[in-house]
Amino acid sequence: MASLFNKIARFAKSPQGKRAIRQAQQFANDPRRRAQARSAIARLKARVSGHGRRPY
């Protein structure tokens, strides 16, 4: 498992990783994206608990 963490750490330090982190932070700070995330989490929770519509 340590090698997986090392790979993730190496990626985070790379230019691509830094760009991905910056983009994720921008998405996290966007109120519309936060609302979308809350909605998706609520749907998943409803599906797991058995309440709400079935996807099929």
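Start with a cartoon view of the protein chain: reading along the sequence gives the pattern α-α-α. That makes 3 helices and 0 strands. Keep in mind that this is a predicted model, so color by pLDDT next. The protein chain averages 88, and 86% of the residues score at least 70.

Now select the helices by confidence. Helix H2, residues 15-29, has the highest mean pLDDT of the elements, at 94. Helix H3, residues 31-49, has the lowest, at 91.

Next, select residues 2-13, which is helix H1, together with H2. How do these two sit relative to each other? Their axes come within 4 Å and cross at roughly 80°. Angles of 65 to 115 degrees count as roughly perpendicular, and H1 and H2 are therefore roughly perpendicular to each other.

Show side chains where the two helices touch. On the H1 side, pick Phe-11, Ala-12 and Lys-13. On the H2 side, pick Pro-15, Gln-16, Gly-17, Lys-18 and Ile-21. Color that set by residue class and you get 4 nonpolar, 2 polar and 2 charged residues in the contact of H1 with H2.

Then color by burial: of the 56 residues in the protein chain, 4% count as buried, where buried means under 20% relative accessible area.

Key: Residues numbered from 1 in each chain as written. Heavy atoms only, no water. Buried < 20%, exposed > 50% of the residue type's maximum accessible area, 1.4 Å probe, protein only. pLDDT = per-residue confidence, 0-100. Axes fitted to C-alpha atoms, helices over the stretch in contact; angles between N-to-C directions. Parallel < 35°, antiparallel > 145°, perpendicular 65-115°, else oblique. Contact = heavy atoms within 4.5 Å. Nonpolar A, V, L, I, M, F, W, Y, C, P; charged D, E, K, R; others polar.
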